[in-house]
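Colleague: I am new to this one. Can we go through the labels and what stands behind each?

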Amino acid sequence: MTVSAVVVTYNRLPMLKEVIAALQASETPVDNIIVVDNKSNADTQEYLTSLGDQIRYVRLEENIGGAGGFNKGIRYFMEETVDDYVWLMDDDTVPTPTALTELVGSAAKVDNKFGFLSSDVRWTDNSRAKMNLPFPIDRFKKIPLDATEMEQLRNATFVSVMFSREVVDKIGLPVKEFFIWGDDIEYTERAARVYPGYMVPTSRVIHKMVQNVESNVSLDSIDRVPRYFYAFRNRMYFSRNRGFVRFLRAHIRIAYEAAMIFFNGQPKKMLRLKMVLKGVTTGWFFKPKVEFAKNKAKG
């Protein structure tokens with residue numbers, strides 16, 4: 001079985017170097033390392049160009065966000081390679097040497113009938129990364145840190161998740177219009193409608209975020225608040241595709257999050273509320289088109 005790794009990057013060269021080195025040191029070789037560059041500065045471009053045929057370098061003409069980057073990366077995997085699997089990660093995701101070995105081995109255990117396979121994502125202190133916590137099908141179950149058995153999940157993030165060519169061919173590409181936030185949740189839930197998705201707890205990666213915190217519009221720093229427009233707009237879109245009950249539940253949860261803005265002691269409360277309301281109302285009418293790629297393996 002062959003694997004393409006897709007890394008989406010934007011102006012984080014020191015971390016990117018570490019990620020590429022980790023991929024090159026993988027116990028199970030990565031057949032193609034595809035780096036999608038969201039028009040980073042010249043130093044990133046020069047470094048990636050210097051790697052020559054060690055990687056497949058896809059430089060974009062503009063920054064189209066993580067969603068757009070993964071859209072382009074998976075399209076490249078489908079149209080320019082014939083690899084069996086595509087393994088996605090951000091440019092601050094450092095896989096352990098056996099991370100891919102465990103994913104590929106788990107694919108064989110389920111006879112390749114999986115929607116997605118997700119790694120156990122840890123922070124630098126070995127606690128679970130809070131932005132990438134696993135959500136089992138049994139919503140009351142908590143996966144222990146020392147788990148070894150595969151666990152079926154509702155969805156997963158693009159911080160170390162693997163798909164088969166077969167599934168990508170069936171479900172298409174991530175929605176590039178999401179720009180950031182929620183593209184991974186929507187895409188993995190789409191994949192899980194084909195086959196079950198699983199967490200592989202023996203596949204470990206380190207997500208080197210600056211802080212191990214969850215996203216929260218009522219607590220986040222002011223410079224990040226405008227991004228929450230995408231978070232709430234995109235949530236409206238994919239909750240709509242989950243059915244009426246879950247669409248209604250999403251509104252109730254968002255109403256709670258909006259109310260918490262006024263109970264937390266952070267500044268610019270009206271700006272925070274504006275991003276929530278703008279995102280929700282735009283999301284009611286947000287209907288992006290799912291794109292499909294040509295499958296090179298079919299000739």
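Modeller: Start with the residue classes. Ala, Val, Leu, Ile, Met, Phe, Trp, Tyr, Cys and Pro count as nonpolar, Asp, Glu, Lys and Arg as charged, and the others as polar. Keep in mind that this is a predicted model.

Colleague: How do the residues lining the largest cavity divide by class?

Modeller: Six are nonpolar, four are polar and two are charged. Asp120 and Arg128 are among the lining residues, and Asp and Arg belong to the charged class. The space comes to about 80 Å³. Strand S6 (residues 116-122) gives the most to this lining, with four residues.

Colleague: What makes up the lining of the second largest cavity?

Modeller: Glu186, Glu189, Arg193, Phe238 and Asn241. Three of these are charged, one is polar and one is nonpolar. About 30 Å³ of space lies there.

Colleague: And what lines the second largest pocket?

Modeller: The lining includes Arg128, Lys141 and Lys142, along with Pro134, Pro136 and Pro144. By class it has seven nonpolar, three charged and no polar residues. The pocket holds about 210 Å³.

Colleague: Now the rings. How many aromatic pairs are there?

Modeller: The count is twelve.

Colleague: Why is the pair of Phe178 and Phe286 called tilted?

Modeller: The ring centres lie 5.9 Å apart, and pairing needs them within 6.5 Å. Phe178 sits in the loop between helix H5 (165-171) and helix H6 (183-191), and Phe286 in the segment after helix H9 (269-283), 108 residues apart.

Colleague: Are Phe178 and Phe286 buried or exposed?

Modeller: Buried means under 20% relative accessible area. Phe178 is at 0%, so it counts as buried. Phe286 is at 12%, so Phe286 is buried as well.

Colleague: What makes Phe179 and Tyr230 a tilted pair?

Modeller: Their centres are 5.2 Å apart and their planes stand at 35°, so tilted is the label. Phe179 is in the loop between H5 and H6, and Tyr230 is in helix H7 (residues 228-240), 51 residues apart. Phe179 has a relative accessible area of 27%, so it is partly exposed. Tyr230, at 25%, also counts as partly exposed.

Colleague: Which charge lies over the face of Phe286?

Modeller: Arg233, at 4.0 Å from the ring centre. The limit is 6 Å. Lys17 also passes, over the face of Tyr47 at 5.1 Å.

Conventions:
Residues numbered from 1 in each chain as written. Predicted model: local features only at pLDDT ≥ 70, side-chain atom pairs only at ≥ 80, totals over all residues. Heavy atoms only, no water. Phe/Tyr/Trp six-rings, centres within 6.5 Å; stacked < 30°, edge-to-face > 60°. Helix = DSSP H or I, 4+ residues; strand = E, 2+ residues; numbered from the N terminus. Buried < 20%, exposed > 50% of the residue type's maximum accessible area, 1.4 Å probe, protein only. Lys NZ or Arg CZ within 6 Å of the ring centre and 35° of its normal. 1 Å grid on protein atoms, 1.4 Å probe; cavity = no way out; pocket = protein on both sides within 12 Å on 5 of 7 lines; lining within 4 Å. Points joined across faces, edges and corners; volume = space filled by probe spheres on them.
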